[in-house]
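This report covers contacts, fold, surface and salt bridges of the structure shown below.

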Amino acid sequence: MKIKVILGSLLILAAIVFGSISFMESNIEYGDFQTAISSNKKIQVKGEWVREMESDFDANSGKFTFYMKDDNGEVLRVIFDGAKPNNFELATSVVAKGKYENDCFHASEILTKCPSKYEGDTEAIKKSL
């Protein structure tokens with residue numbers, strides 16, 4: 001009987017520890033490039049793609065690189081381990097999740113915000129009524 005209680009307690013304790021570790025890893029704070037440089041932690045940086053600067057996808061290494069300007073105006077090279085997102089050119093803003101290393105921001109995930117298809121030109125709608 002005691003062995004069952006001990007094993008059950010160990011399973012519950014292991015589930016709590018695993019859940020806590022998973023929660024801590026998924027809980028990524030928002031910040032800017034300066035925060036990423038100073039903290040050396042994985043963070044989310046919101047900004048926009050600098051279209052005037054170079055961007056490239058290297059098929060051999062599977063890395064997409066581009067320049068991003070954060071909300072404070074700081075521009076940094078972003079290296080993403082993956083292909084360019086499909087709607088990247090249409091994006092009005094970009095969120096890169098990653099970490100600053102070797103003078104670049106290494107992103108493990110990129111989220112794009114595209115203009116909504118439901119947003120319309122309100123002036124055109126008013127004129128049509």
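## Surroundings of Lys97

Lys97 touches Ile28, Ile43, Gln44, Phe105, His106, Ala107, Ser108, Glu109 and Leu111, leaving aside residues up to four places away in sequence; contact means heavy atoms within 4.5 Å. Lys97 is part of strand E6, residues 93-101. Its relative accessible area is 17%, so Lys97 counts as buried (buried is under 20% relative accessible area, exposed over 50%, and partly exposed in between, with a 1.4 Å probe and protein chains only).

## Basis of the values

This is a predicted model, in which local features need pLDDT of at least 70 and side-chain atom pairs count only at pLDDT 80 or more, while totals for chains, interfaces and linings use all residues. Residues are numbered from 1 along each chain as its sequence is written, and side-chain values use heavy atoms, with hydrogens and water left out.

## Fold

The protein chain contains three helices and seven strands, in the order α-β-α-β-β-β-β-β-β-α from the N terminus. Helices (H or I, at least four residues) and strands (E, at least two) are DSSP runs, numbered from the N terminus.

Of the 129 residues in the protein chain, 26% are buried. Among contacts between residues at least 6 apart in sequence, 44% join residues at least 24 apart.

## Surface

The protein chain exposes about 9300 Å², of which carbon and sulfur atoms supply 56%. Accessible areas come from the Shrake-Rupley method with a 1.4 Å probe; for residues, only the protein chains shown count as cover.

A nonpolar surface patch consists of Ile3, Ile6, Leu7, Leu10, Leu13, Val17 and Ile21, with about 680 Å² of accessible area together. Patches are made of residues with over 30% relative accessible area and no salt bridge, where like charges are joined within 9 Å and nonpolar side chains (Val, Leu, Ile, Met, Phe, Trp, Tyr) within 5 Å. Ile6 is located in helix H1, residues 2-26.

## Salt bridges

There are five salt bridges in the structure, each a side-chain nitrogen of Lys or Arg within 4 Å of a carboxyl oxygen of Asp or Glu. One of them joins Lys97 and Glu109, at 3.7 Å from N to O. Lys97 lies in strand E6 and Glu109 in strand E7 (residues 104-113), so this pair ties together parts that are twelve residues apart in sequence. Glu109 is partly exposed, at 35% relative accessibility.

Glu29 pairs with Lys41, with the closest N and O atoms 4.0 Å apart. Because Glu29 is in the loop between H1 and strand E1 (30-31) and Lys41 in the loop between helix H2 (33-39) and strand E2 (43-49), the bridge links parts twelve residues apart in sequence. In the salt bridge between Glu89 and Lys84, the closest N and O atoms are 2.4 Å apart. Glu89 is partly exposed at 36%, and Lys84 is partly exposed at 35%.
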